[in-house]
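Please read them with the sequence and the coordinates open beside you.

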Amino acid sequence: MSDVARAGSIEPGSGQLTADVDATHGLDLYRRMQLIRRFEERVYLHYLQGELPGTLHQSQGQEAVAVGICDALRPTDWITSTHRPHGHALAKGVDLRAAMAELYGKATGCCGGKGGSMHLGDPSVGMLPAIAIVGGGNTVVTGLGLAFKLMRTDQVAVCFFGEGASNEGAFHEGLNFAAVQHLPIVFACENNLYGASTPFHQVSLVPDVATRAVAYGVRGEIVDGMDVLAVREAAGRAVAEARAGAGPVLLECKTYRFAGHSRGDVKGYRSREEEVLWKERDPIVRLRARLAATLDAGVLDDMDAQVEAALDDAIEFARQSPLPRAEDALTDAYATVISGGSAS
Amino acid sequence: METPVSTAVSTPDARVTVRCTYREAMRAAIREAMHRDPRVFLMGEDVGRYGGSFAVSMGLLAEFGPERIRDTPLSESAFVGAGIGAALVGMRPIVEIMTVNFSLLALDQILNNAATLSHMSGGQFSVPLVIRMTTGAGRQLAAQHSHSLEGWYAHIPGLKVLTPATLEDARGMLWTALEDPDPVLIFENGVLYNMEGDLPDDAGPVEISHAAVRRHGDDLTLITYGGTLPKTLEAAERLAKEDIDCEVIDLRTLRPLDTDAIVTSVSRTTRAVVVDEGWRSGSISAEVSARIVEGAFYRLDSPVLRVCTAEVPIPYAKHLEDAALPQVETIMAAVRQSVASDG
Ligand SMILES: Cc1ncc(C[n+]2csc(CCOP(=O)(O)OP(=O)(O)O)c2C)c(N)n1
């Protein structure tokens, strides 16, 4: 178990938030969490206004997990993601404009408008297109790890998944497969208590996903997923282990999604008291309070304004971007052009 | 808890009808089955408190309780396997899988177990299981939530594959499926859920082994099923204004396929266009075409044509998705092409 308190043991005002994170670094974590928060809030608004189609799975409340873990990674490391990928994408460095344009279904989107909200990804920053089949990444990630091992690189792959996914066979098969081969993988579970409407206690007698690590002989760790510094620290350890060939590690981040599961979810399956309780642990508010001990409030306000401006720009970019051509629907099913009629 | 009985009206022919949606018709069917047979229960992800991801089972938990409306873990393989097991020993489970794409996690159960047990046990066992799932595109959910794989399932002996495309069939196919001793898959095309219409208030079980002629016509036979039925009917109406009189056959059941209905109609009209939201290669449309060739070859005045989904994963952006799917215009174009060609 991570020592959450340890992150708080450094004196406020010292300019150092944890052993690894100074105030400048902390401000950067803040910026990225705030970017995700405001991205989710703003795209949801445009979704409600009918400007964005399909469906959206928002991640407000879970920002510390995406940001804390990706912060422990190198640009050359990889992640896999889920149906709820916006936060992972922005945290790993997918271009904000390209992510936004993808949600708008534009040609300038990171997937050319073909993937949309559930399939954000960009190989240049080490993110596979998000897999929206629950548990889908948990086996694919083992191939990334295997390749890194065979190619003798020291890259690491992180697999993001929800606690709900830990009931799919793929979770168990992926973890065991990675374990017996000591693959350089961190399985990062975002336990937000619900798989769609279903509370985890109703579908698992083991309350902590991390406990399941025991069954596969790997190290499991639980961390406060509402504390980005704690996540950063635990992720740093897990990634280091994986990189050194002592992985995989199963890291469970206890968190909460403030919004509904997807469009139109009125959250009738959870109590307002519970929501309030978790809102009080808002990871952005918490980090802001920590930073306020060393930084001017003006600095943080400036950062908020910068985030807002970046989002204004990205939304404007997405709106102005051209649509893909209708015939683009027929390209890319194969890496090479298939001639003759059989492909159509 | 909605029931489709709030707006009962009397039609001129004195049959009382109720205004309802496809979704409500499906829900009424589940409710009827639960009342009729205590062995029936519904099981799947978020079918209880949430009311199902497409709101089909909304209200049923309150009515029937958690023993019979069962929320499962996210474990398609496990709960489809559980459905098979429960059916083997005398229950009548209705298993809901959120979408056909997710059914692939249970494909092993469906193909290797449900479809084989009767045959490989020499008839000692049967699997009276019903699996319902959403299929189809048109909602901008992209490449992992939009496919039409019912034709694939129709490849598998041992299964029955139903594709209700009307309110009557949404209301009536489930009970008949539950009475069937074999595993039955019901594919509900997502674009149909909000389709509204008038359903006779005494609507009940329907037979599930025949295709239906949804529009009579003499010049050409349009053959389709599921989500493309409304588009095909619209195409037929618009073509009537061009003096092309199409017959429209709704296959209703993809396995076993009603070859007689297809061959009889095409033998009379001498032309056929098959409309299928599945991909063209190796599809149910290919099977229908082959049966036309086998059964009506010498009656044909032009080649059998097909309108299918482009052979790409379904894209996200609206006009890309539209470009990939069969549309009224592409159906009309194929019909015109067929009529213009005279073999
Ligand atoms: C195999 C599969 N089954 C069902 C779904 C529908 N679905 C999408 S997200 C979800 C809940 C997932 O819960 P969890 O893994 O905890 O992730 P969270 O949504 O909480 O981020 C469900 C049931 C799916 N996408 N894939």
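In which sense do strand S11 (residues 220-224) of chain B and S14(B) pair, and over how many bridges? They pair in the parallel sense, over 3 bridges, where strands, like helices, are DSSP runs numbered from the N terminus (H or I and at least four residues for helices, E and at least two for strands), and two strands pair if DSSP finds at least two bridges between them.

1. Basis of the notes. This is a predicted model, in which local features need pLDDT of at least 70 and side-chain atom pairs count only at pLDDT 80 or more, while totals for chains, interfaces and linings use all residues. Residues are numbered from 1 along each chain as its sequence is written, and chains are lettered from A and ligands numbered from 1 in the order in which they are written.

2. S11(B) pairs in the parallel sense with strand S12 (residues 246-250) of chain B over 5 bridges, Leu222(B) having Val248(B) of S12(B) as its bridge partner.

3. Domains of chain B. Chain B is divided into domain 1 (9-200) and domain 2 (212-340), with bounds that come from an automatic or database domain assignment. Taken over C-alpha atoms, the centres of domain 1 and domain 2 of chain B are separated by 26 Å. Their contact takes 23 residues from domain 1 of chain B and 23 residues from domain 2 of chain B, two residues being in contact if their C-beta atoms, placed from the backbone, lie within 7 Å. On the side of domain 1 of chain B that touches domain 2 of chain B, helix H7 (150-153), S7 and strand S8 (184-189) of chain B each supply at least two residues, and S7(B) gives the most, with 3 residues.

4. Pro164(B). This residue lies in the loop between strand S7 (160-162) and helix H8 (167-179) of chain B, and Pro164(B) counts as buried because it has 31 C-beta neighbours inside 10 Å. Leaving aside neighbours within four places in sequence, Pro164(B) is in contact with Asp169(B), Ala170(B), Met173(B), Ile186(B) and Glu188(B).

5. The sheet of chain A. An open sheet of 5 strands in chain A has the order S1-S2-S3-S7-S6, with parallel pairing. Its edge strands, each pairing on one side only, are strand S1 (78-80) and strand S6 (219-224) of chain A, and the twist averages 20° from one strand to the next. S6(A) and strand S7 (residues 249-254) of chain A pair in the parallel sense over 6 bridges, and the bridge partner of Arg219(A) in S7(A) is Val249(A).

6. Helix H5 of chain A. Helix H5 (residues 96-103) of chain A is mostly covered, with 8 of its 8 residues buried. The buried residues of H5(A) pack against helix H2 (23-48), helix H4 (86-92) and helix H12 (297-320) of chain A. Just after H5(A), Gly105(A) takes a positive phi of about 70°.

7. Ligand and chain interface. Residues from chains A and B surround the ligand, so the site is shared between chains. Of the 22 residues around the ligand, those that come nearest are Val134(A), Gly162(A), Gly164(A), Ala165(A) and Gly195(A), a residue being near if its C-beta atom, placed from the backbone, lies within 6 Å of the molecule. Between the chains, 35 residues of chain A are in contact with 31 residues of chain B.

Notes
Buried ≥ 20, exposed ≤ 12 C-beta atoms within 10 Å, placed from the backbone. Axes fitted to C-alpha atoms, helices over the stretch in contact; angles between N-to-C directions.
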